[in-house]
Amino acid sequence: MMVAAYLIYATLMVFAHPQFIYPFGPDPFDAPGFRQDVVTDRNIAMAVAEGSDDAAVLFFMGNGGALAYFTFTLEAHVNADRTIAAMEYPGGGGIPGKPSEWGLKADALAAYDWLDAQHDGPIVVHGFSMGTGLALHVAAERQVAAIVLDAPYVTMCALMTRASWLPACWMPGVQKWNSGALVPRVSAPVLVQHGTADQLIPMAAGQRLAELVDRAGLDVTFHAIDGATHNNLAGQAGYQGRIDMFLDRVLK
């Protein structure tokens, strides 16, 4: 009976797990200084603020909420006068559609191609939480100047295993989000910031990913942010300064 119940639970979670991966919120994004465009034949919603710096940043948010909840991160780039283009996800913030790993990764590449056609200077990819997988995916498939990762994971399926007591990384039909596998195809310098009090994605995951980047022979900078949790990392003192210092070094 116990084995049968476990198998039923596992089968149900294969179908239900996207609801837990993508708990997007309904709040629409509406920030001063940003315009909103629907771009490419994939109808990707982008929020864009123009800056005068040579670099442009392509930002990928996390899976909790909507882009409206990531103002601290967006403002870090706006304050530095960098152009910032943030991809909004289908299913959140009033954007129609159903999210999936494959769909979001295809959207991320299309968003990069759109930004690359608009912008003559270097492009930086910046991801938070789930969005770090999109940033690394773009960096593995396209030419980027730098990569900024906030609270990254090695594989999201390992986090699912911890939460569900299921071998998610080995289960067919589960969206794996394997960032570690992307590292050998990345060539740009990497900045990782992770909170020491992060209980959703433990800092050990960010450290492990940074180690993989280092072993691949890439320029990697890791910052452990004392006392920061998963949700307040971008609001900690020095957040923008660490990004500015990294980008100033690797871009100039």
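**Aromatic pairs.** I began with the rings and counted 5 aromatic pairs, pairing rings of Phe, Tyr and Trp (its six-membered ring) whose centres lie within 6.5 Å; planes under 30 degrees apart count as stacked, over 60 as edge-to-face and the rest as tilted. F24 sits in the loop between α1 (2–21) and β1, and Y89 in the loop between β4 (83–87) and α3, so the pair ties together parts 65 residues apart in sequence. I noted the relative accessible area of F24 as 12%, which is buried, and that of Y89 as 0%, buried as well. Y22, F24 and Y89 form one aromatic cluster.

**Ground rules.** A note to myself before going on: this is a predicted model, so local features need pLDDT of at least 70 and side-chain atom pairs count only at pLDDT 80 or more, while totals for chains, interfaces and linings use all residues. Residues are numbered from 1 along each chain as its sequence is written, and side-chain values use heavy atoms, with hydrogens and water left out.

**The whole protein.** Next I stepped back for the overall picture. I found 7 helices and 8 strands, taken as DSSP runs (helices H or I, at least four residues; strands E, at least two) numbered from the N terminus. Along the principal axes, the C-alpha atoms fill a box of roughly 65 × 40 × 30 Å. Of the 252 residues, 54% count as buried. I then looked at contacts (heavy atoms within 4.5 Å): among those between residues at least 6 apart in sequence, 73% join residues at least 24 apart. The accessible surface is about 11500 Å², with 57% of it belonging to carbon and sulfur atoms; areas come from the Shrake-Rupley method with a 1.4 Å probe, and for residues only the protein chains shown count as cover.

**Salt bridges.** I counted 10 salt bridges, each a side-chain nitrogen of Lys or Arg within 4 Å of a carboxyl oxygen of Asp or Glu. D107 and R42 meet in one of them, at 2.5 Å from N to O. This pair links distant parts of the chain: D107 is in helix α3 (residues 101–118) and R42 in the loop between β1 (35–39) and β2 (44–49), 65 residues apart. D107 is buried at 9% relative accessibility, whereas R42 is partly exposed at 39%.

K105 and E101 form another bridge, at 2.8 Å from N to O. Both lie in helix α3, 4 residues apart, about one turn of the helix. K105 and E101 are both buried.

D37 bridges to R35, with the closest N and O atoms 2.8 Å apart. D37 is partly exposed at 22%, and R35 is partly exposed at 35%. R35, D37 and E50 are linked in a network of salt bridges.

**Helix α6.** Just after α6, G217 takes a positive phi of about 85°.

**R242.** My last stop was R242, in helix α7 (residues 239–251). Is R242 buried or exposed? R242 is buried, with a relative accessible area of 17%. Leaving out residues up to four places away in sequence, R242 touches L191, Q193, H223, I225 and A237. R242 and L191 are 51 residues apart in sequence, yet 8.9 Å apart in space, C-alpha to C-alpha.

Conventions:
Buried means under 20% relative accessible area, exposed over 50%, partly exposed in between (1.4 Å probe, protein chains only).
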